[in-house]
Structure formats: C-alpha cells, structure tokens
Amino acid sequence: MGTTSLKSSEQTGAIRAGKPLAGDQIELTVEEVLSSTPFVDIHTHLFSPAFGKIGLWGIDELLTYHYLEAEFFRSSDTTPEKYWALSKREKADAIWQALFVENSPISEATRGIISVLQSFDLPTNGSALKHARAFFAAQPLEPHIQRVLQVAGVSDVVMTNDPIDPEEQVAWNNGGQKHSQFHAVLRLDRILWGWQRHWQELLRQGYAVDERASGKSVAEVRRFLADWVERMRPVYMAVSLTDEFQFPDESIASKILGEAVLPSCRESGLPMSLMIGVRRQVNPALRLAGDAMGRADLRAVEHLCRSFPDNRFLVSMLSRENQHELCVYARKFSNLMPFGCWWFMNNPSIVEEITRERIELLGTSFIPQHSDARVLEQLIYKWKNTRVTLRPILTNSYRLLRQDGGAVTRQVIERDVNRLFRGNFEQWTGLRFSPKAASRPSRLSRQS
Ligand code: RAT
Ligand code: ZN
C-alpha cells in the first residue's frame with residue numbers, strides 16, 4: 001500500500017495525538033487512512049490457486065477482459081466472428097494494437113492496464129506487451145498473489161463459486177480450497193433463473209428435483225444448499241437478476257428464492273446478495289461482453305426486506321437510476337446493505353455521485369465498493385481508483401462536519417473507513433477478517 005509523507009512534524013503531532021484536525025489536515029489524514037486500511041473485497045470473480053487454470057492472471061488475461069473486448073469492437077474493423085477464432089495471445093495483440101497503440105487508453109478499463117503495468121515498473125509504451133509477457137511468465141503464482149494483494153491494499157478477496165460448474169467441481173471434490181485470504185460465495189444464478197436448463201444437474205448430484213420444482217423439489221434444493229454450504233463454507237449466497245426481476249411472482253425463481261434459498265440463508269446464518277439490473281445478451285455476438293442493463297423495480301427488494309426480516313440482504317443495482325431508491329429503501333429496512341458500484345457504474349464520475357448520495361442518506365452504513373475483478377492484477381487499479389475517488393468525497397464530508405462544529409480526529413476517520421471497507425461486511429456476515437489474513441476468518445458470536 002502506498003504511504004503519504006506528512007507535511008511537517010507539527011502537523012504529524014496533531015494528527016497522531018488524536019486532537020481535532022485543522023481544516024487543512026483533513027485531506028492528508030483521509031488519504032493516509034485510506035491507503036493504510038486493508039480492504040475486504042466483497043465481490044470478485046477471482047479464484048484461489050486450488051482452482052488451477054480458471055484463476056486468471058497476467059497480461060493476456062488483463063487485455064482480453066470483457067470490458068475491453070466491448071471497447072475493442074468500437075475501435076477495430078475485426079468482426080466478433082473473426083475475433084473469437086483468434087488464440088488468446090492473438091486477441092490480446094489485437095486489443096493492444098487497437099486500444100493502446102492506435103488510440104489513447106483514456107477509458108476506465110484501458111487506463112487500468114496502464115496503471116497495472118506502471119505498478120510493476122513495466123514500460124507502458126508501444127513495446128510494453130513484450131516486456132509484460134516476459135515479466136508475468138516469470139512470476140511464481142503464490143508470491144505474486146501476495147504482492148498484488150499488498151499493492152492493492154486488500155486483505156481478503158471474496159470469490160464467486162458456482163456449485164454446478166464442472167470446472168469448479170474438480171477443486172471442490174478434491175477437498176475444496178483453504179486459502180486464508182480467498183473466501184467462497186455460493187452463487188445461485190443457474191439454479192434461480194436458469195432452473196429449466198440446470199435442474200437436471202441437481203438430479204445428477206443426487207437431489208430428487210423435477211422440471212417444475214414441484215413436490216419435494218424445494219426440500220431437496222434446501223438439502224443441496226446445506227451440503228454445498230458445508231463443502232464451500234461460503235461467506236454469503238448470491239444471485240444476479242435482470243431488470244425485470246419481481247418478487248413475489250409465479251416464477252420458479254421466486255418459489256426457490258422464498259421457500260428454499262432464504263430459509264437456508266437463515267439456517268446457516270448467511271446473508272443473501274442480490275445484484276439486480278442486468279439485461280442479458282442484448283448482443284450475443286459479443287458473448288460475455290454482450291450484456292447490458294436496465295432500470296429495475298425496487299418494490300421487489302421492498303417485499304423481500306419486509307417479508308424476510310430475519311434475513312440480511314446485500315444489494316447492488318446496475319442502473320444509475322435505481323441508486324437513489326436503493327438508499328431510500330436502506331433507510332426503511334435495516335436488513336438491507338447497499339454495496340458497490342457495479343460493472344457499468346464503476347466509473348469515477350458515477351462512483352463519485354453514488355457515494356456522495358449514499359453518505360448523505362446513510363452515513364457510513366453501506367459498503368462503498370467491490371472490485372468485480374476477473375483477473376488478479378485488476379485488483380491493483382480498481383482499488384487504487386476507489387481510493388482516489390473516495391479521498392475528496394470523505395474529505396468534503398469531514399470538512400462539512402467540522403464547519404458544523406463537530407470534532408474530526410484521525411481516530412474518527414480510521415473508525416469510519418474501517419466500517420465502510422471492513423466492518424459493515426463483517427457485521428453482515430458475522431465474520432471477523434484478520435487484517436493480516438493470518439488465519440481463516442472466525443465467526444463472531446453475534447448471529448442475527
Ligand atoms: O462485472 C462483470 O464482470 C459482469 O460480467 C458480471 O460478472 C457481474 O459482475 C456478475 O457478477 O454477474
Ligand atoms: Zn460480478
């Protein structure tokens with residue numbers, strides 16, 4: 001993590017002593033606290049080394065991130081058909097040429113690549129790709145992971161684990177993963193909204209379910225969830241939902257969510273994460289890059305929070321138009337935790353707007369960001385950008401508080417940053433994450 005040199009020893013004394021900070025000391029202290037607090041990254045698509053090849057890292061994976069693929073088709077004549085026929089390395093070459101050589105990398109996702117190269121002291125000019133490939137090829141994975149986490153200022157990474165993904169099952173069936181800094185999440189997309197295509201996989205795993213989720217299917221889904229909770233030890237269950245998501249309705253998803261998933265969450269003391277607003281495959285030719293977004297009806301969240309008061313919900317919305325409503329619902333329901341600026345929201349101008357709004361409406365009772373990293377080194381630029389964006393926002397909040405007559409000390413700032421980027425998630429999951437990540441997280445005695 002970066003450190004910040006203090007302006008003078010006098011200033012250092014005041015900041016350290018826990019005395020109220022002067023107006024001009026606030027920004028420096030916020031910056032210091034943000035850079036020295038290890039964050040818990042509550043949603044990524046990263047995998048610990050136990051999962052082998054599905055854990056992505058290195059320059060070719062960074063360049064073929066689907067956020068960059070979407071941008072590539074805007075700056076190249078290559079058709080999606082031609083692009084998908086290329087090897088990974090050829091795809092990376094094409095993206096580098098189009099987005100970094102022929103154009104300036106000033107979008108959020110392209111800047112991220114430059115930032116990652118720079119953090120490893122690698123060249124960022126035309127010849128960068130050759131040097132980067134040599135550099136990453138020489139890195140042994142586990143020390144490289146430790147270095148990335150350290151540079152990113154992240155102590156813990158939460159994965160996304162699909163219990164019916166054949167590639168993941170290899171690892172889970174071989175004793176699972178025990179990495180102290182990677183934590184599992186039981187992701188239920190294929191079961192909740194993909195039941196028609198995937199119910200037979202549950203059957204194959206030994207659970208007596210049927211196509212219409214009738215009869216004892218619900219009880220069997222609960223048994224399936226209990227077994228996977230035992231195997232994965234997840235920190236929460238999760239699903240992403242379309243902009244058309246309604247609850248309750250007549251769908252199988254609604255039935256399984258209400259009758260199987262939420263009762264299982266209560267039983268195992270796990271929160272449920274809902275990521276709402278995706279419009280899947282508006283352009284299927286772009287594959288993973290082909291999803292878009294739409295404004296959702298938050299009355300579904302209202303129904304869930306009211307009907308299931310003993311469940312805790314983590315909620316992220318994909319549409320900018322839903323962000324204000326989400327804050328308002330969080331004021332109504334204390335079992336609702338807004339989190340992150342997800343996917344198309346993760347751009348500094350929008351993160352800034354959303355975070356200011358959340359602070360004004362919710363104080364520090366939300367989780368500002370998650371990385372959604374798919375490639376290990378993305379942690380570096382995504383968390384760097386979060387810290388850069390948060391600095392003026394928090395500084396402004398403390399300046400306003402000071403103007404209103406409140407005392408702002410370093411301890412206050414530390415407490416707040418810790419709550420935003422660690423404590424709220426710990427409270428929701430009932431887990432204590434060690435900042436040094438020396439051991440697996442321990443369960444707190446409180447289980448609400
Ligand atoms: O942000 C992304 O990478 C998306 O493709 C999705 O994976 C999304 O984050 C999700 O978790 O569904
Ligand atoms: Zn995601």
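## Close-up views of a predicted model

**View 1. Strand β6 is mostly covered, with seven of its eight residues buried.** The model shown here and in the other views is predicted. Strand β6 spans residues 272–279. Strand β5, residues 237–242, runs parallel to β6 and is joined to it by six bridges. Within this pairing, S240 has M275 of β6 as its bridge partner. Helix α14, residues 252–268, forms a right-handed β-α-β unit together with β5 and β6.

**View 2. Strand β6 also pairs with β8 and β7.** Five bridges link β6 to the parallel strand β8, residues 313–317. Here L274 stands opposite V315 of β8. Strand β7, residues 292–293, runs antiparallel to β6, and two bridges join them. In this pairing V278 faces M293 of β7.

**View 3. The largest pocket holds about 1,200 Å³ of space.** Its lining consists of 36 residues, and those nearest the centre are H45, H66, R190, L288 and R374. By type, the lining residues comprise 13 nonpolar, seven polar and 16 charged. Elements that each supply at least two lining residues include β6, α6 (88–101) and α11 (189–192). Helix α4 contributes the most, with three residues.

**View 4. I164 lies in the loop between β2 (154–158) and α10.** I164 has a relative accessible area of 5%, which means that this residue counts as buried, the cut-off being under 20%. Beyond its neighbours within four places in sequence, I164 is in contact with Q169, R190, I191, H198, E201, L202, Q205 and F224.

Key. Residues are numbered from 1 along each chain as its sequence is written. Chains are lettered from A and ligands numbered from 1 in the order in which they are written. This is a predicted model: local features need pLDDT of at least 70, side-chain atom pairs count only at pLDDT 80 or more; totals for chains, interfaces and linings use all residues. Side-chain values use heavy atoms; hydrogens and water are left out. On a 1 Å grid over the protein atoms alone, a cavity is a set of points where a 1.4 Å probe fits but cannot get out, and a pocket is an open set with protein on both sides within 12 Å along at least five of seven lines; lining residues have an atom within 4 Å of a point. Grid points are joined across faces, edges and corners, and a volume is the space filled by probe spheres set on the points. Helices (H or I, at least four residues) and strands (E, at least two) are DSSP runs, numbered from the N terminus. Ala, Val, Leu, Ile, Met, Phe, Trp, Tyr, Cys and Pro count as nonpolar, Asp, Glu, Lys and Arg as charged, and the others, Gly among them, as polar. Buried means under 20% relative accessible area, exposed over 50%, partly exposed in between (1.4 Å probe, protein chains only). Contact means heavy atoms within 4.5 Å. Two strands pair if DSSP finds at least two bridges between them. A crossover is right-handed if, with the strands pointing away from the viewer, the path from the first strand over the helix to the second runs clockwise.
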